[in-house]
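Colleague: I'm new to reading models like this one. Could you walk me through it, bit by bit?

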Amino acid sequence: MAQSTSFFVLVALLAFAPICFSFKSNNGYLYPQYYYKSCPKAQEIVKSVVAKAVAKEARMAASLLRLHFHDCFVKGCDASLLLDSRGSIVTEKRSNPNRNSARGFDVIDEIKSALEKECPQTVSCADILALAARDSTVLAGGPNWEVPLGRRDSRSASLSGSNNDIPAPNNTFNTILTKFKRQGLDLVDLVALSGSHTIGNSRCTSFRQRLYNQSGNSQPDSTLDESYAGQLRNRCPRSGGDQNLFSLDFVSPTKFDNSYFKNLLASKGLLNSDQVLATKSQASLALVKRYAENNALFFEQFAKSMVKMGNISPSTGSRGEIRKNCRRINSS
């Protein structure tokens, strides 16, 4: 009996232990121990600043997680999103997916400032984004994982890439899946990573068409629960109120769990890009059902897919640089 108890304790501990990965990039390996010698307090510093920011505003967890996603889908995970317009650089912050919605830049600045004091020009802004995304997930009650590190920062940005490569709320299922596949991600990654919408908010302008004119026939989206649609219309009128915020997961808006998938099965996904996961593909629907039934399975796959996403075309070795300030490239 004691041996059996010990086994179950071990299983329980493994379930909550961070998942560990290392990945080979174009010019070398990303691995969790990258800063152990050069900046041993790096992860502690990132976690401390993120924890303070999320304690002040729970929504910040979703905002920081989103920054990593929007960075990686454009030119790879290289912190190009953080660059302000300067000289020949046109910031990605002005793109349609980011304008009036991407936030958390001040938190990243605070992390970078603290790291520069501890170990100057050592920890990249790209790695800060990856660590902040993981820490935000954990603080919201989600899974933990070890973040492969060693990315370097880009010296350029791509406004067009940001406009074209990041999946949009109104994209069709096939368009979204195509954008994921371009990054080396698959259907499993798409469904699992979409589960990040278990926390955070979206603006009225991102889903208004579902309420009033989904297919150009002045009719609401037939896949949207009618009572839920009625609640949304109260604060998302046909015109005006564009910036009004709504929880992506109305059941547990600040808790990272599998309620998002349960909402999809009840036809209560907020965005079109959410609901199509349950209506446009049998393979996708099967995954939605599995994650809705098994929170641990969702957590396990989310962690794996986040590590996989974090390995999209990182700059390593002599490519790129370690910025002193995340908002601008170093002076040549």
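Colleague: Let's start with Met309. Leaving aside neighbours within four places in sequence, which residues is Met309 in contact with?

Modeller: Contact here means heavy atoms within 4.5 Å. With neighbours within four places in sequence left out, the partners of Met309 are His68, Phe69, Cys72, Phe73, Cys77, Leu185 and Leu193.

Colleague: Before we go on, what kind of model is this, and how are the residues numbered?

Modeller: It's a predicted model, where local features need pLDDT of at least 70, side-chain atom pairs count only at pLDDT 80 or more, and totals for chains, interfaces and linings use all residues. Side-chain values use heavy atoms, with hydrogens and water left out, and residues are numbered from 1 along each chain as its sequence is written.

Colleague: Is Met309 buried or exposed?

Modeller: Met309 lies in helix 14, residues 295-309. Helices (H or I, at least four residues) and strands (E, at least two) are DSSP runs, numbered from the N terminus. On the accessibility scale, buried means under 20% relative accessible area, exposed over 50%, and partly exposed in between, using a 1.4 Å probe and protein chains only. Met309 has a relative accessible area of 2%, so it counts as buried.

Colleague: Where does Val74 lie, and what does Val74 touch?

Modeller: Val74 lies in the loop between helix 3 (60-72) and helix 4 (105-118). Its relative accessible area is 0%, so Val74 is buried. Not counting residues up to four places away in sequence, Val74 touches Ser80, Glu92, Ser158, Gly161, Ser162 and Ile166.

Colleague: And what does Ser80 touch?

Modeller: Ser80 lies in the loop between helix 3 and helix 4. Ser80 is buried, with a relative accessible area of 0%. If you skip residues up to four places away in sequence, Ser80 touches Asp71, Val74, Lys75, Glu92, Ser154, Ser156, Ala157 and Arg323.

Colleague: What about Ser202: which strand is it in, and is Ser202 buried or exposed?

Modeller: Ser202 sits in strand 3, residues 201-203. Among its contacts beyond four places in sequence are Phe207 and Asn244. Its relative accessible area is 8%, so Ser202 is buried.

Colleague: What is the radius of gyration of the chain?

Modeller: The radius of gyration is taken over C-alpha atoms, and the globule rule is 2.2 Å times the number of residues to the power 0.38. With 332 residues, a compact globule would come out near 20 Å, which agrees with the chain's own 20 Å.

Colleague: Last one: what share of the 332 residues is buried?

Modeller: Contacts come into the picture too: of those with a separation of 6 or more, 75% are between residues 24 or more positions apart. As for burial, the buried share of the 332 residues is 51%.
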